[in-house]
Amino acid sequence: RADNFEIPVQTFYTAGVWGRYYFIQAFTEKARKRWGLYAETGFQTGNYSYDYNAGVRYFKKRSDQFYYQGRFGVEYRIWKNLSVETAVQLMKPTNGNWDLHGTGYFSAGLSWRPQRY
(Lines give C-alpha, C1' and ligand atoms only; values in the text may rest on other atoms or scores of the structure.)
Protein backbone atom coordinates (compact mmCIF):
# COMPACT_ATOMS: atom_id res chain seq x y z
CA ARG A 1 0.00 0.00 0.00
CA ALA A 2 1.30 3.45 -0.82
CA ASP A 3 0.17 7.03 -0.55
CA ASN A 4 1.46 10.52 -0.05
CA PHE A 5 -0.06 13.78 1.08
CA GLU A 6 -1.69 14.52 -2.29
CA ILE A 7 -3.16 11.21 -3.48
CA PRO A 8 -5.34 8.51 -1.86
CA VAL A 9 -4.00 5.15 -0.67
CA GLN A 10 -3.33 2.69 -3.50
CA THR A 11 -2.63 -1.04 -3.35
CA PHE A 12 0.24 -2.58 -5.32
CA TYR A 13 1.79 -6.04 -5.60
CA THR A 14 5.05 -7.65 -6.58
CA ALA A 15 5.84 -11.31 -7.15
CA GLY A 16 8.91 -13.06 -8.44
CA VAL A 17 11.76 -15.49 -7.92
CA TRP A 18 14.73 -14.91 -5.65
CA GLY A 19 17.95 -16.66 -4.80
CA ARG A 20 19.79 -16.14 -1.52
CA TYR A 21 23.43 -16.80 -0.70
CA TYR A 22 24.52 -16.99 2.93
CA PHE A 23 27.99 -15.77 3.84
CA ILE A 24 27.22 -16.82 7.43
CA GLN A 25 24.33 -19.24 8.04
CA ALA A 26 22.42 -19.00 11.32
CA PHE A 27 20.13 -21.98 10.67
CA THR A 28 22.18 -25.14 10.42
CA GLU A 29 22.36 -28.11 12.72
CA LYS A 30 25.91 -27.25 13.71
CA ALA A 31 25.49 -23.47 13.80
CA ARG A 32 26.82 -22.09 17.05
CA LYS A 33 26.31 -18.50 16.06
CA ARG A 34 22.93 -16.89 15.96
CA TRP A 35 23.92 -14.29 13.34
CA GLY A 36 23.51 -14.68 9.62
CA LEU A 37 24.74 -12.52 6.74
CA TYR A 38 23.29 -12.88 3.24
CA ALA A 39 22.95 -11.44 -0.24
CA GLU A 40 19.87 -11.99 -2.37
CA THR A 41 19.00 -11.30 -5.97
CA GLY A 42 15.95 -11.87 -8.09
CA PHE A 43 13.61 -10.91 -10.85
CA GLN A 44 10.07 -9.79 -10.14
CA THR A 45 6.98 -8.30 -11.67
CA GLY A 46 4.52 -5.82 -10.27
CA ASN A 47 1.65 -3.51 -11.11
CA TYR A 48 3.28 -0.19 -10.29
CA SER A 49 5.87 2.27 -11.44
CA TYR A 50 6.99 5.75 -10.47
CA ASP A 51 6.33 9.08 -12.11
CA TYR A 52 7.79 12.45 -11.25
CA ASN A 53 5.86 15.69 -11.17
CA ALA A 54 7.67 18.89 -10.14
CA GLY A 55 10.37 16.86 -8.40
CA VAL A 56 7.91 14.76 -6.34
CA ARG A 57 7.90 11.00 -6.83
CA TYR A 58 4.46 9.41 -7.28
CA PHE A 59 3.50 5.73 -7.41
CA LYS A 60 1.44 4.94 -10.48
CA LYS A 61 -0.41 1.76 -11.42
CA ARG A 62 1.07 0.14 -14.52
CA SER A 63 0.63 -3.49 -15.42
CA ASP A 64 3.47 -5.75 -16.55
CA GLN A 65 6.38 -3.93 -14.94
CA PHE A 66 9.51 -6.04 -14.42
CA TYR A 67 12.29 -5.36 -11.92
CA TYR A 68 15.74 -6.57 -10.98
CA GLN A 69 16.05 -6.86 -7.22
CA GLY A 70 19.10 -6.98 -4.95
CA ARG A 71 19.20 -7.24 -1.19
CA PHE A 72 21.92 -7.32 1.47
CA GLY A 73 20.91 -8.28 4.95
CA VAL A 74 21.60 -9.55 8.42
CA GLU A 75 19.50 -11.94 10.44
CA TYR A 76 19.50 -12.91 14.09
CA ARG A 77 18.02 -16.23 15.20
CA ILE A 78 15.86 -15.59 18.25
CA TRP A 79 14.34 -19.04 18.71
CA LYS A 80 14.67 -22.37 16.85
CA ASN A 81 13.31 -21.51 13.38
CA LEU A 82 12.44 -17.85 14.01
CA SER A 83 14.68 -14.91 13.18
CA VAL A 84 14.64 -11.14 12.90
CA GLU A 85 15.90 -9.85 9.54
CA THR A 86 17.02 -6.42 8.46
CA ALA A 87 18.12 -5.56 4.95
CA VAL A 88 18.78 -2.88 2.39
CA GLN A 89 16.80 -3.62 -0.75
CA LEU A 90 17.41 -2.16 -4.20
CA MET A 91 15.03 -2.41 -7.17
CA LYS A 92 15.58 -1.28 -10.74
CA PRO A 93 13.03 -1.62 -13.54
CA THR A 94 14.20 -3.50 -16.63
CA ASN A 95 13.00 -0.69 -18.91
CA GLY A 96 14.20 2.37 -16.99
CA ASN A 97 17.37 3.88 -15.62
CA TRP A 98 18.37 3.81 -11.96
CA ASP A 99 18.39 7.61 -11.47
CA LEU A 100 14.75 8.11 -12.46
CA HIS A 101 13.09 4.77 -11.74
CA GLY A 102 15.25 2.83 -9.29
CA THR A 103 14.40 2.61 -5.62
CA GLY A 104 16.13 1.55 -2.44
CA TYR A 105 14.77 1.07 1.04
CA PHE A 106 15.46 -0.46 4.43
CA SER A 107 13.32 -3.37 5.55
CA ALA A 108 12.91 -5.24 8.83
CA GLY A 109 10.75 -8.19 9.80
CA LEU A 110 10.38 -11.67 11.20
CA SER A 111 11.24 -14.80 9.24
CA TRP A 112 10.13 -18.34 10.08
CA ARG A 113 11.57 -21.48 8.53
CA PRO A 114 9.52 -24.69 8.57
CA GLN A 115 12.56 -26.99 8.86
CA ARG A 116 13.33 -28.79 12.10
CA TYR A 117 16.85 -28.65 13.45
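This note covers the aromatic contacts and a nonpolar surface patch in a predicted model.

1. The structure contains five aromatic pairs. One of them joins Tyr-21 and Phe-23, whose ring centres are 5.1 Å apart with 80° between the planes, an edge-to-face arrangement. Tyr-21 and Phe-23 are both exposed.

2. Trp-35 and Tyr-76 make a tilted pair, because their planes meet at 55°, and the ring centres are 4.7 Å apart. Trp-35 belongs to strand β4 (residues 35-53) and Tyr-76 to strand β5 (residues 56-79), so this pair ties together parts that lie 41 residues apart in sequence. Tyr-76 has a relative accessible area of 32% and is therefore partly exposed.

3. One aromatic cluster is formed by Phe-43, Phe-66 and Tyr-68.

4. An aromatic ring also meets a charged side chain: Arg-20 lies over the face of Tyr-38, at 3.7 Å from the ring centre.

5. Which residues form the nonpolar patch on the surface? They are Tyr-21, Phe-23, Ile-24, Trp-35, Leu-37, Val-74, Tyr-76, Ile-78, Trp-79, Val-84 and Leu-110, and together they have about 1,100 Å² of accessible area.

6. Strands β3 (14-24), β4 and β5 each contribute at least two residues to the nonpolar patch. Strand β5 gives the largest share, with four residues.

Terms used
Residues are numbered from 1 along each chain as its sequence is written. This is a predicted model: local features need pLDDT of at least 70, side-chain atom pairs count only at pLDDT 80 or more; totals for chains, interfaces and linings use all residues. Side-chain values use heavy atoms; hydrogens and water are left out. Rings of Phe, Tyr and Trp (its six-membered ring) pair if their centres lie within 6.5 Å; planes under 30 degrees apart count as stacked, over 60 as edge-to-face and the rest as tilted. Buried means under 20% relative accessible area, exposed over 50%, partly exposed in between (1.4 Å probe, protein chains only). A charge sits over a ring if NZ of Lys or CZ of Arg is within 6 Å of the ring centre and within 35 degrees of the ring normal. Patches are made of residues with over 30% relative accessible area and no salt bridge: like charges are joined within 9 Å, nonpolar side chains (Val, Leu, Ile, Met, Phe, Trp, Tyr) within 5 Å. Accessible areas come from the Shrake-Rupley method with a 1.4 Å probe; for residues, only the protein chains shown count as cover. A salt bridge is a side-chain nitrogen of Lys or Arg within 4 Å of a carboxyl oxygen of Asp or Glu.
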